[in-house]
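Subject: A structure for you to look at

Hello,

Here is the structure I wanted to pass on to you. Have a look at it first, and then read on for what turned up in it.

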Amino acid sequence: MLDIKLIREQADLVKQRLASRGAGDELRIDEVLRLDEQRRKLLGEVEELKALRNRVSKEIGILMGRKETAAAEAKKGETRDIGERIAALDRQVAEVESAREAILLRLPNLPHSSVALGKTAEENPVMRTWGDKASFGFKPKDHVQICNQLKLVDFERGAKLSGSGFLLYTGWGARLERALIQLLLDLHVREHGYTEVSPPFIINRDCMVGVGQFPKFEDQAYAVQEGKDTSTLGKLYLLPTAEAPVANIHREEMLNDTQLPIRYVAYSPCFRAEAGAAGLGTRGMIRVHQFDKVELIKIVRPEEGFDELEKMVANAEKVLQILGLHYRVIMLCTGDMGFASAKTYDIEVWAPGQGTYLEVSSCSNCEEFQSRRMNLKFKTQSGDKIHPHLLNGSGTALARLFVALLETHQQEDGSIRIPAPLQPYLHTDRIVP
RNA sequence: GGAGAGAUGGCUGAGUGGUCGAAAGCGACGGUUUGCUAAACCGUUAUACGAGUUAAAUCGUAUCGGGGGUUCGAAUCCCCCUCUCUCCGCCA
């Protein structure tokens, strides 16, 4: 959520930076300002009436104490109708306030000044690449062929269980997936200093609003119901990313400066309805409704936010480096950035069988956009209470990593060479037909 | 799922209709005293929104788990919900 004070005081700046996203959000600013002004005007009126009521009530109390009942009754008559006027004004305030809130919750974050201007993904600058595209002395297969031949994933039966876009990992495939999760968690915990957490996979609405997933992208989530009746529960949702629960761990809290920076790493499955992407548009494991991911979350002082973002990207890159996978890091331009982010780097891994780069990580600094939504603050050394920066990054998504790994390390004989760091987890150096 | 108990400021905990934003204690912070430390003593110690100011000061409103109601007035009475604890049932 954007700071309403910033919108009030620097409306032109806010409009200009929203406009750089190219989604037309700047057109809502004047409406916000109008509602905000209306709200303050109504607040002034109703608070004045409440002050009057409080004053008279207090006098009545004193009169009652002195047993001057008649005088007290007279005063009651005086204030009786004030209550109705207050109630009416309160309703108006609530209306205006929720209209204002509805827009504010749907306005995306302002892109950071260091972000490249652009409209589409074509304009995302490449920051760096690592390694080289794998070359083969034979015709490389794509991951679907490999999975079928080595019986790593049973696509048909996955669809039988849950529908298209759900995967059934089998045999070495299931073991490989588990080994990767373990490797990634250990890497970030032991070498990068993150604290491992394991969140619930079913989360409430507040988590979704807190990270900016809701209300704008409500149709992307799977809502769950308990049995027949959810009337008293409110809706719960399958997490689209571990970011949603983990970033919310300290929601509504006042942290101490000494607690920062906080770094969490979590494994979770991720559930994406992908509404509007009928049939998902891709075959195999590239785009599915459920995939595993190891997620990185940081809560940091604002002045450290962008340094910590660079470190987070480096942490995610390390995953690909130790697995010997060629990748590139791109910066998302203003037009391609996600809703909550002020600055985002994507890491794209090379998948030889696809002949394309696949996004396996997206690392963002959301600045205080999310911490304001979730009322998360910390007390600085000088005693100020301010919102910390919240960062999230994939470290990394698994399904596509799985694809790149198979396609990169496939051998002419149909086997898969397992990179050394993964071998202790999988207890083999090769997956053979 | 059933029965009961509870939710108050950073923490413990008092408060069953009227100067209660809230006693007391602890903690924290500032000060005095002190050879040093400790102790003692004095003081300060919530958040949000709005008005105000260059900035403060200051003023107003709201907040005692959340929402609604009764009343001139609610931490206190009524209703609904959530969560925590204890016991029973069920269960991995």
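A charge sits over a ring if NZ of Lys or CZ of Arg is within 6 Å of the ring centre and within 35 degrees of the ring normal. With that in hand, look at Arg328: its charged end sits over the ring of Tyr357, 4.2 Å from the ring's centre. Arg175 does this too, with its charged end over the ring of Trp172 and 4.2 Å from the centre of that ring.

Before you go further, please keep in mind that this is a predicted model. The average pLDDT of chain A is 91, and 96% of the residues score at least 70. One stretch to treat with care is residues 229-233, where pLDDT stays under 50. For this stretch the model has 2 contacts beyond four places in sequence. Where pLDDT is low, the predicted coordinates should not be read in detail.

Now to the rings. How many aromatic pairs does the structure hold? There are 7 aromatic pairs. One of them joins Phe136 and Phe138 edge-to-face, at 5.3 Å centre to centre and with 70° between the planes. Phe136 counts as partly exposed because its relative accessibility is 22%, and buried would mean under 20%.

Another pair is formed by Phe217 and Phe339: the ring centres are 5.6 Å apart and the planes stand at 85°, so this pair is edge-to-face. Phe217 lies in the loop between helix 8 (205-210) and strand 4 (223-224), and Phe339 in the loop between strand 9 (327-331) and strand 10 (343-351), so the pair ties together parts that are 122 residues apart in sequence.

Finally, take a look at helix 5, which spans residues 143-150. Its buried residues are His143, Val144, Ile146, Cys147 and Leu150. They cover an arc of only 165° around the axis, so they lie on the same side of helix 5. And what covers them? The cover includes helix 6 (155-162), helix 12 (398-408), strand 15 (416-417) and strand 16 (430-431). Just after helix 5 comes Lys151, which takes a positive phi of about 55°.

Terms used:
Residues numbered from 1 in each chain as written. Chains lettered and ligands numbered in written order. Predicted model: local features only at pLDDT ≥ 70, side-chain atom pairs only at ≥ 80, totals over all residues. Heavy atoms only, no water. Buried < 20%, exposed > 50% of the residue type's maximum accessible area, 1.4 Å probe, protein only. Helix = DSSP H or I, 4+ residues; strand = E, 2+ residues; numbered from the N terminus. Arc of directions from axis to C-beta. Contact = heavy atoms within 4.5 Å. Phe/Tyr/Trp six-rings, centres within 6.5 Å; stacked < 30°, edge-to-face > 60°. pLDDT = per-residue confidence, 0-100.
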